[in-house]
Number of protein chains: 2
Amino acid sequence: MGAPPRKSRATIIDIARLAGVSKSTVSLVLKNSTLVKAETRERVLGAMQALGYVYNRGAANLRLARSNIVGMVISDLMNPFFTELAVGIEEALYRAGYVPLLANTGEDPERQTRVLQSIFEQGVAGIVISPSNRSDVATLLDIARAGLPIVTVTRRLAESGLPYVGQDNTAGERIAVEHLIGLGHRRIGFLGGYATMATQRERVAGYKEALSAHGIVFEPILIAESPPTRSGGGAAVKTMIDLPDPPTAAVCFNDMVAVGAIRELSRQGIRAGRDFSIVGFDDIAEAAHNAPPLTTVTGETRQLGAEAAHVLLDLIAGAPAPSAPVIGPTRLIVRESSAAPASERTRLRA
Amino acid sequence: MGAPPRKSRATIIDIARLAGVSKSTVSLVLKNSTLVKAETRERVLGAMQALGYVYNRGAANLRLARSNIVGMVISDLMNPFFTELAVGIEEALYRAGYVPLLANTGEDPERQTRVLQSIFEQGVAGIVISPSNRSDVATLLDIARAGLPIVTVTRRLAESGLPYVGQDNTAGERIAVEHLIGLGHRRIGFLGGYATMATQRERVAGYKEALSAHGIVFEPILIAESPPTRSGGGAAVKTMIDLPDPPTAAVCFNDMVAVGAIRELSRQGIRAGRDFSIVGFDDIAEAAHNAPPLTTVTGETRQLGAEAAHVLLDLIAGAPAPSAPVIGPTRLIVRESSAAPASERTRLRA
DNA sequence: AGTGATCTTTGGAACGTTCTAACGAGCAGT
DNA sequence: ACTGCTCGTTAGAACGTTCCAAAGATCACT
């Protein structure tokens with residue numbers, strides 16, 4: 001059973017013809033207007049059923065000059081942090097009746113520019129973007145000036161003046177470092193990321209704040225830059241432990257760096273959480289299941305995505321742009337990759 | 001600098017007016033027609049520049065009765081396997097000039113039905129879907145019957161007759177088990193997933209094939225079902241080692257189960273790759289960085305996504321549906337979570 | 001039967017494109 | 001001077017909706 005594939009979709013006019021009414025009436029039925037008589041409504045609904053009618057939102061949008069599609073531009077979907085962010089955004093959009101057009105730029109600014117153009121042409125209602133490194137701000141501003149709501153998330157483009165939703169990276173890293181200091185560490189490294197990334201600079205700032213608040217002098221050599229990946233973390237921690245006077249702990253740019261660092265440590269026979277403390281950032285799903293489970297800072301990633309979506313939806317609804325960046329809270333989750341330094345434990349035992 | 005935000009976008013007609021030509025001419029310029037005189041083209045391009053014109057693809061699509069948007073419905077984006085699949089699809093679509101409308105159903109069949117409807121209304125050119133568990137096949141078939149190309153990926157809906165792109169789960173699991181048998185294991189468990197999942201059944205089939213090919217009798221008790229998650233893996237391996245006569249190795253429904261199992265083993269003081277062998281499936285990014293690095297089966301996930309996209313694009317271009325399922329290859333990646341059983345090593349040493 | 005008032009329905013323009021058919025201008029060949 | 005071409009341009013219908021303005025029905029009162 002089942003009708004043969006139709007060549008082209010039935011339209012409101014086909015319905016009207018079959019139900020013996022005008023297309024206007026069909027349109028009214030479509031929007032559940034109380035104006036149409038119950039009996040007529042039935043007839044129209046029956047005709048829709050019979051013809052397998054599907055609403056053509058594209059046509060409606062053209063007429064109404066609006067859209068329920070939103071562009072979602074993600075800088076690196078393969079990074080679990082951004083995956084969760086995307087899921088948070090998608091979920092919130094979906095609840096509000098919007099659907100995201102996805103583009104994964106893979107941190108390629110040129111690709112970002114192209115997809116923005118394409119998304120713009122598509123007639124979306126707005127764009128949420130986690131900008132790639134070295135984003136071309138001009139394109140973004142062109143689009144914003146054309147009147148399209150844009151929200152940046154996760155990476156701040158301060159020069160742009162675009163609405164921004166992010167986490168409190170500085171405060172987050174500060175509590176991470178304070179946790180280590182509280183445990184007795186005095187020599188603490190910072191692993192991963194590059195100073196060209198706004199996020200890294202913010203996290204490093206928190207790191208320095210915590211150090212100076214506890215009278216520990218900042219040593220540039222204790223910052224090891226690397227790609228924000230597992231293997232980057234491995235490399236970074238290696239340079240750290242090879243130092244003449246190595247630290248006893250390190251905070252990491254993100255959880256992937258932390259996981260990579262822990263793995264490299266264990267390869268070197270150093271056990272994270274006993275011989276060396278590691279604290280991550282982001283609380284990706286993997287963190288809780290790592291060996292050892294990772295102490296990390298969470299920015300409530302999914303919530304953050306939802307928040308970004310809501311800011312965009314407000315903008316679309318005509319609200320004025322938020323006057324200040326929206327900064328989400330940050331919270332330390334203590335697991336087993338951090339502990340008192342070995343020297344401390346020895347001293348206590350003695 | 002920078003014009004004030006425009007209330008509404010300039011149209012082809014505005015351009016025409018400014019350039020002193022008809023909208024038809026502007027349209028020709030837009031499609032790079034050789035018909036228009038170079039000088040006129042310049043004038044039109046200048047006008048576009050001046051007015052900040054953006055092409056309205058929605059309007060064009062209405063007229064042309066086609067679209068360059070494709071629906072991408074993913075059952076669980078938080079699972080790294082599906083993330084990579086989605087990235088593979090997105091990349092291939094993007095190359096072909098298409099953009100994916102994303103929906104993450106989170107394995108909820110009702111949500112899946114709703115988003116399919118919404119995506120359908122949107123007027124997409126086709127749909128790629130990794131169906132959720134217990135999918136409502138009827139909706140999918142309704143849409144397919146309406147003439148919209150649909151490709152299922154990863155999860156086969158055999159009853160549906162829809163085009164399918166997947167991996168060779170059976171062969172993949174077979175080589176995984178044969179690897180363990182080759183190492184000397186005779187008692188091998190299967191961890192994770194549920195028999196209600198087509199994928200699990202296919203993998204279990206491969207598991208049984210390998211056993212019987214080597215004269216090992218299959219024991220139902222060595223299959224431990226669980227959610228296909230890290231914590232599910234932990235639970236599953238626990239029931240396994242608590243058995244009176246526990247196995248010495250296990251293959252897992254997927255890498256997340258495997259990682260969870262390894263973690264639980266280590267909590268029990270059992271070291272994976274020495275005391276107990278574990279083999280995963282999917283080769284998610286985390287696998288190579290796990291402790292110990294995970295022996296696993298890869299289905300070339302990203303490639304698979306690209307393949308699914310291409311099948312869909314062909315369908316959209318009017319090609320007939322592939323007569324048989326498209327099954328991608330599968331390959332074993334040996335890392336450190338699998339080794340000869342302890343008994344074997346002892347015997348060799350003696 | 002006439003007058004409103006209230007329901008219900010409808011024609012047609014509009015949204016921003018594409019495309020067909022046709023038109024005018026210029027020119028070569030007679 | 002006419003014919004036929006080619007070149008460049010264009011008017012207008014069409015795509016599937018929404019919505020305004022207005023028309024027709026129906027009904028309750030006088």
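**Contacts and domains**

Author: Start with a pair: the side chains of Arg57(A) and Glu121(B) meet in a salt bridge, N to O, at 2.3 Å. This is a predicted model, in which local features need pLDDT of at least 70, side-chain atom pairs count only at pLDDT 80 or more, and totals for chains, interfaces and linings use all residues. Residues are numbered from 1 along each chain as its sequence is written, chains are lettered from A and ligands numbered from 1 in the order in which they are written, and side-chain values use heavy atoms, with hydrogens and water left out.

Reader: Why is the pair Arg57(A) and Glu121(B) called a salt bridge?

Author: The term asks for a side-chain nitrogen of Lys or Arg within 4 Å of a carboxyl oxygen of Asp or Glu. Arg57(A) and Glu121(B) give 2.3 Å, N to O. So the pair qualifies. Between chain B and chain A the count is four salt bridges.

Reader: What makes a residue pair count as a polar contact across the interface of chain B and chain A?

Author: A pair of N or O atoms must lie within 3.5 Å; within protein, one must be able to donate a hydrogen and the other to accept it, and residues adjacent in sequence count only if both atoms are side-chain atoms. The rule finds 16 such residue pairs across the interface of chain B and chain A, both residues at pLDDT 80 or more.

Reader: How many residues does the contact take from chain B and from chain A?

Author: It takes 53 from chain B and 55 from chain A. Contact means heavy atoms within 4.5 Å. The area buried between the chains is about 4,800 Å², with 59% from carbon and sulfur atoms. Buried area is the accessible area (1.4 Å probe) that two parts lose on being put together, summed over both.

Reader: Why is Thr83(A) called buried?

Author: Buried means under 20% relative accessible area, exposed over 50%, partly exposed in between (1.4 Å probe, protein chains only). Thr83(A) has 3% relative accessibility, so Thr83(A) counts as buried. Not counting residues up to four places away in sequence, Thr83(A) touches Leu77(A), Leu77(B), Met78(B) and Thr83(B).

Reader: What lies between domain 2 and domain 3 of chain A?

Author: The bounds, from an automatic or database domain assignment, are 68-162 + 301-328 for domain 2 and 169-295 + 334-349 for domain 3. These two domains of chain A bury about 720 Å² between them, 51% of it on carbon and sulfur atoms. Their count of salt bridges is zero.
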